[in-house]
Amino acid sequence: MIIAVDGPTASGKGTIAKALARHFGLPHLDTGLLYRAVGYQVVLVDGDPDNAADALAATAFADDLLDEPALRSEATGALASRVSVHPEVRAALLTRQRLFADQPGGAVLDGRDIATVIAPHADAKLFVTASIAARALRRYLEMRKRGEDVSRDAITADLAARDARDTARAAAPLRRAEDAELLDTSALTPEAAVAAAVALVQKQAHPN
Ligand code: C5P
């Protein structure tokens, strides 16, 4: 079974995808991490994330970069959003994602274009979303817990900029696939969101 989980930043899609993988005993790929690695690598070699050739060269990052904790930072997320607009970068990362999706037994992938581009043939598709206020609050609490000094306004502005870039870009923009189930997590605890996701996947994969 292939499960596609898409949605904007801080919607809860990562937590949901990991929990679905555990629940159904499937391997999981956080595709955002691949774009984060490209964004991180391009700056590491003094390249320009807005330059397609520099960003494309950075797709040849070493695999152990995926374990780098700095990939998880907000700054790297913003770089990822910039390199991900280049069609060349998306094309270079496509085969790796497709092979993961199509491995025997199936997989869970989360990102922005899993149901629309990477695995339109997925057995179950979720589009996870939440209000910008709910997403900003989650991100704020997470960052405070890590001891980072941030303002809610700055986080809201950053999320809005990232949403705008991800939905407005020409190459594989963030959008809900027609046959994806919508899951709004604004008012849900992580446990309730996961339970709702499991039920939606079961409904799609076994409609009777
Ligand atoms: O999901 P995450 O916040 O880690 O993704 C970082 C950035 O990578 C996103 O803002 C988006 O621009 C890009 N991305 C993408 N396609 C994906 C996953 C992530 O364009 N499948």
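In this predicted model, helices α2 and α4 lie roughly perpendicular to each other, because their axes cross at roughly 95 degrees and an angle from 65 to 115 degrees counts as roughly perpendicular. The protein that holds this helix pair has nine helices and five strands, and its largest pocket has a volume of about 1,100 Å³.

**Packing of α2 and α4**
- Two packed helices are described by the angle between their axes and the distance between the axes.
- For α2 and α4, the axes come within 7 Å.
- On the α2 side, the contact is formed by Y35, R36, V38, G39, Y40, V42 and V43, which meet T76, G77, L79, A80 and V83 in α4.
- By class, the residues of this contact divide into eight nonpolar, three polar and one charged.

**The largest pocket**
- The lining of the largest pocket is made up of 39 residues, and those nearest its centre are A10, K13, G14, T15 and R139.
- Elements that give two or more residues to this lining include the helices α1 (13–24), α2 (31–44), α4 (74–83) and α7 (132–145), together with the strands β2 (28–30) and β3 (107–111).
- Sorted by class, the lining has 17 charged, 14 polar and eight nonpolar residues.

**Overall fold and dimensions**
- Read from the N terminus, the elements follow the order β-α-β-α-α-α-α-β-α-β-α-α-β-α.
- The C-alpha trace spans about 55 × 40 × 30 Å along its principal axes.
- The radius of gyration is 16 Å, which agrees with the value near 17 Å that a compact globule of 208 residues would have.

Note on methods
Residues are numbered from 1 along each chain as its sequence is written. This is a predicted model: local features need pLDDT of at least 70, side-chain atom pairs count only at pLDDT 80 or more; totals for chains, interfaces and linings use all residues. Side-chain values use heavy atoms; hydrogens and water are left out. On a 1 Å grid over the protein atoms alone, a cavity is a set of points where a 1.4 Å probe fits but cannot get out, and a pocket is an open set with protein on both sides within 12 Å along at least five of seven lines; lining residues have an atom within 4 Å of a point. Grid points are joined across faces, edges and corners, and a volume is the space filled by probe spheres set on the points. Helices (H or I, at least four residues) and strands (E, at least two) are DSSP runs, numbered from the N terminus. Ala, Val, Leu, Ile, Met, Phe, Trp, Tyr, Cys and Pro count as nonpolar, Asp, Glu, Lys and Arg as charged, and the others, Gly among them, as polar. Axes are lines fitted to C-alpha atoms, for helices over the stretch in contact, and angles run from 0 to 180 degrees between N-to-C directions. Angles under 35 degrees count as roughly parallel, over 145 as roughly antiparallel, 65 to 115 as roughly perpendicular and the rest as oblique. Contact means heavy atoms within 4.5 Å. The radius of gyration is taken over C-alpha atoms; the globule rule is 2.2 Å times the number of residues to the power 0.38.
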